[in-house]
Amino acid sequence: MSEELLIRQGAPTLAGIKTGSLFPCACVCRATLLSEIRRINRTLTPKGLCLLPLRIADGRALLYLYRPARLSRDLQDSLAAELLRRAGYPEGGCAKCLAQLIRRFRAGEEFPHEVGLFLTGQLRFMLTLAGVIANEMGV
């Protein structure tokens with residue numbers, strides 16, 4: 001995985017605009033990719049960032065770049081916590097929710113749409129905007 005891919009795909013998270021970014025990358029060798037992720041995390045971790053492989057299959061990987069402190073704060077929002085609870089996520093913190101998200105992606109049955117809660121902390125703004133758009137459209 002190239003650092004250029006990380007910068008290009010993770011720019012909003014790297015810049016502090018978003019909590020997390022989700023992006024695919026080629027994966028010829030699982031062990032090599034995991035080694036590259038560990039190397040990159042040695043640089044990212046002191047900057048308050050982390051890169052995780054959510055799924056590796058069929059020569060592709062789905063990676064998640066995120067800011068752990070922001071994600072923890074975002075998931076403590078009462079609305080986000082309730083949505084995750086209804087989707088079957090455990091209570092007890094960010095790490096448990098991430099573990100469940102990874103299980104959902106690796107199960108591969110259906111796309112876990114709640115992943116949006118892991119990407120931006122602007123849930124209430126997005127819901128307000130969706131309501132405004134729905135009203136304007138007469139929905």
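Reader: How far is the sulfur of C94 from the closest cysteine sulfur, and in which residue does that sulfur lie?
Author: A disulfide is a pair of cysteine sulfur atoms within 2.5 Å. The closest cysteine sulfur is too far from that of C94 for a bond: the distance is 7.0 Å, and the partner sulfur lies in C97.

Reader: What kind of model is this, and how are its residues numbered?
Author: Local features need pLDDT of at least 70 in this predicted model, side-chain atom pairs count only at pLDDT 80 or more, and totals for chains, interfaces and linings use all residues. Side-chain values use heavy atoms, with hydrogens and water left out, and residues are numbered along each chain as its sequence is written, from 1.

Reader: Is C94 buried or exposed?
Author: Buried means under 20% relative accessible area, exposed over 50%, and partly exposed in between, with a 1.4 Å probe and protein chains only. The relative accessible area of C94 is 16%, so C94 is buried.

Reader: How many disulfides are there, and how far from C50 is the nearest cysteine sulfur?
Author: The disulfide rule gives a count of zero. C50 is in no disulfide, and the nearest cysteine sulfur, that of C94, is 9.6 Å away. C50 has 15% relative accessibility and therefore counts as buried.

Reader: What does helix α1 span between its end C-alpha atoms?
Author: Helices (H or I, at least four residues) and strands (E, at least two) are DSSP runs, numbered from the N terminus. The expected span of a helix is 1.5 Å times one less than its number of residues. For the twelve residues of α1, 3-14, a straight helix would span 16 Å, but α1 spans only 12 Å.

Reader: Which residues of α1 are buried, and why are they on the same side?
Author: The buried residues of α1 are L6, G10 and T13. They are on the same side of α1 because the arc that they cover around the axis, taken from the directions from the helix axis to the C-beta atoms, is only 25°.

Reader: What covers the buried residues of α1?
Author: Contact means heavy atoms within 4.5 Å. The elements that cover these residues include β1 (20-26), α2 (30-44), β2 (50-57) and β3 (60-66).

Reader: Where is D58, and what is its phi?
Author: Most residues other than glycine have a negative phi. D58 lies in the loop between β2 and β3, and counts as exposed at 81% relative accessibility. Although D58 is not a glycine, its phi is positive, at about 55°.

Reader: How many salt bridges are there, and which residues are linked in a network?
Author: The salt-bridge rule gives a count of six. The residues linked in a network of salt bridges are E82, R85 and R86.

Terms used:
A salt bridge is a side-chain nitrogen of Lys or Arg within 4 Å of a carboxyl oxygen of Asp or Glu.
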